[in-house]
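Student: Could we go through this one together? I would like to start with a single side chain and then move on.

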Amino acid sequence: MMQTQVFDPQELLELAEDLSRQPGEARERSAISRAYYGAFLMARDAAGIQDETSEAHFATWRHYADRGETQLAKDLRKLRKARNLADYKTDVHVLPHVCDEAMQASRRINSMLKRMLGRRDYHARLALSSVND
């Protein structure tokens, strides 16, 4: 059973974009983290994965990899690696290019998911219209 969504993870991607345009390592680290979580939540929800444990990250990546969505799976893994660096590694600087690459990956994920969901909606509408004919 699909739960009603009361928060749109797209807002996290928008926040990440805003943060990424401001100078400072804390903002760049926060942008990376928000970009990951926005993309991850969108991907998890689109896959219908209801797991809310740490295993959901791997399950989401695996879902897309198993279905041949290799670029999406690759970008999710790359973005999670950047998020882990940004959130946990205080002994290294997160350079601006890491933030830029994370933002690019989150944009690609967002775009791929929107295309996939659009195709899914299109096929569902086709199936519904053929039933009603």
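Student: Is arginine 29 buried or exposed?

Tutor: Arginine 29 counts as buried, at 14% relative accessibility, where buried means under 20% relative accessible area, exposed over 50% and partly exposed in between, with a 1.4 Å probe and protein chains only. Please keep in mind that this is a predicted model, in which local features need pLDDT of at least 70 and side-chain atom pairs count only at pLDDT 80 or more, while totals for chains, interfaces and linings use all residues. Residues are numbered from 1 along each chain as its sequence is written, and side-chain values use heavy atoms, with hydrogens and water left out.

Student: Which side chain does arginine 29 meet in a salt bridge?

Tutor: Arginine 29 meets glutamate 25, at 2.9 Å from N to O; a salt bridge is a side-chain nitrogen of Lys or Arg within 4 Å of a carboxyl oxygen of Asp or Glu. The two are four residues apart in helix H2, and therefore separated by about one helical turn, helices being DSSP runs of H or I with at least four residues, numbered from the N terminus. Glutamate 25 is partly exposed, at 24%.

Student: And what does arginine 108 form a salt bridge with?

Tutor: Its partner is aspartate 75, with the closest N and O atoms 2.8 Å apart. Arginine 108 lies in helix H5 (residues 96-132) and aspartate 75 in helix H4, so this pair ties together parts that are 33 residues apart in sequence. Aspartate 75 is buried, at 1%, whereas arginine 108 is partly exposed, at 33%.

Student: How many salt bridges are there in the whole structure?

Tutor: A search of the whole structure finds nine.
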